[in-house]
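Here is a short report on one protein chain. Keep the sequence and the 3D view open while reading.

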Amino acid sequence: MKEGQFVRPQGIEIHDNKVYVSDSFNYRIHIFDIEGRLLDSIGKQGSEAGEFEEPRDIAIDTNGNVLVTDTKKNSLQIFDKNGSFIREYGSTGNGVHQFDGPEGVHSDEINRVFIADRKNDRIQIL
């Protein structure tokens, strides 16, 4: 497969003239310039920290950190603006910081993170 080619693009976020696209079945986040040229990719397939099983949506916080929901892994992963892994939240369940099919993610102006927890029928705020 060619670099930057999609298998199942899901989420998209534009920040500082960069376009971030989650590619669920290519198990990574592609980063393009505003003209569509591939700049970098974050992640790979796997179950460890910094790896993806099904990345779904993306948000960028005010620090430029990249937040990614992983629907199959039931987690939110955070990477710095250079793509280095920072931390992961979540496990399977219905408690605090637990998810069942997290999808949409948004970060507001004070870096609160809102996550659409699909199968738990709720929005979680971190």
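## Overall fold

Helices (H or I, at least four residues) and strands (E, at least two) are DSSP runs, numbered from the N terminus. By that count the chain has zero helices and 11 strands. Its pattern along the sequence is β-β-β-β-β-β-β-β-β-β-β.

The model is predicted: local features need pLDDT of at least 70, side-chain atom pairs count only at pLDDT 80 or more, and totals for chains, interfaces and linings use all residues. Residues are numbered from 1 along each chain as its sequence is written, and side-chain values use heavy atoms, with hydrogens and water left out.

## Size and packing

The C-alpha trace spans about 40 × 30 × 20 Å along its principal axes. The radius of gyration is taken over C-alpha atoms, and the globule rule is 2.2 Å times the number of residues to the power 0.38. For 126 residues, a compact globule would come out near 14 Å; the chain has 13 Å, which agrees.

Buried means under 20% relative accessible area, exposed over 50%, and partly exposed in between (1.4 Å probe, protein chains only). Of the 126 residues, 42% count as buried. Contact means heavy atoms within 4.5 Å. Among contacts with a separation of 6 or more, 35% come from residues 24 or more positions apart.

Two strands pair if DSSP finds at least two bridges between them. Four strands form an open sheet, ordered β1-β2-β3-β4, with antiparallel pairing. β1 (9–15) and β4 (38–42) are the edge strands; each has a single partner, so one side of each lacks a neighbour in the sheet. From one strand to the next, the twist averages 20°. Axes here are lines fitted to C-alpha atoms, for helices over the stretch in contact, and angles run from 0 to 180 degrees between N-to-C directions.

β1 and β2 (residues 18–23) run antiparallel and are joined by five bridges. Ile14 stands opposite Val19 in β2. β3 (residues 28–33) and β4 also run antiparallel, with four bridges. There, Ile29 has Ile42 in β4 as its bridge partner. The hairpin of β3 and β4 has four residues between the strands, and Gly36 in it takes a positive phi near 95°.

Gln77 sits in strand β7 (residues 75–79). It is buried, at 0% relative accessibility. A polar contact is a pair of N or O atoms within 3.5 Å; within protein, one must be able to donate a hydrogen and the other to accept it, and residues adjacent in sequence count only if both atoms are side-chain atoms. A polar atom of the Gln77 side chain lies 2.7 Å from the backbone nitrogen of Gly50. Beyond four places in sequence, the contacts of Gln77 include Ala49, Phe52, Val68, Phe85 and Arg87.

Asn74 lies in the loop between β6 (66–70) and β7. Asn74 is buried, with 6% relative accessible area. Its side chain reaches the backbone nitrogen of Gly101 at 2.7 Å. Beyond four places in sequence, the residues touched by Asn74 include Tyr89, Thr92, Phe99 and Pro102. Phi of Asn74 is near 55°, a positive value in a residue other than glycine.

## Aromatic cluster

Rings of Phe, Tyr and Trp (its six-membered ring) pair if their centres lie within 6.5 Å; planes under 30 degrees apart count as stacked, over 60 as edge-to-face and the rest as tilted. The structure holds three aromatic pairs. Phe52 and Phe79 form a tilted pair, 5.7 Å centre to centre with 50° between the planes. This pair links distant parts of the chain, 27 residues apart: Phe52 is in the loop between β4 and β5 (55–60), and Phe79 is in β7. Both Phe52 and Phe79 are buried. Ring pairs link Phe52, Phe79 and Phe85 into a cluster.

## Around β9

Ser107 lies in strand β9 (residues 102–107). It is buried, with 9% relative accessible area. Not counting residues up to four places away in sequence, Ser107 touches Ala59, Ile60, Asp61 and Arg112.

Asn111 is in the loop between β9 and β10 (113–117). Asn111 is partly exposed, at 26% relative accessible area. Its phi is near 65°, a positive value in a residue other than glycine.
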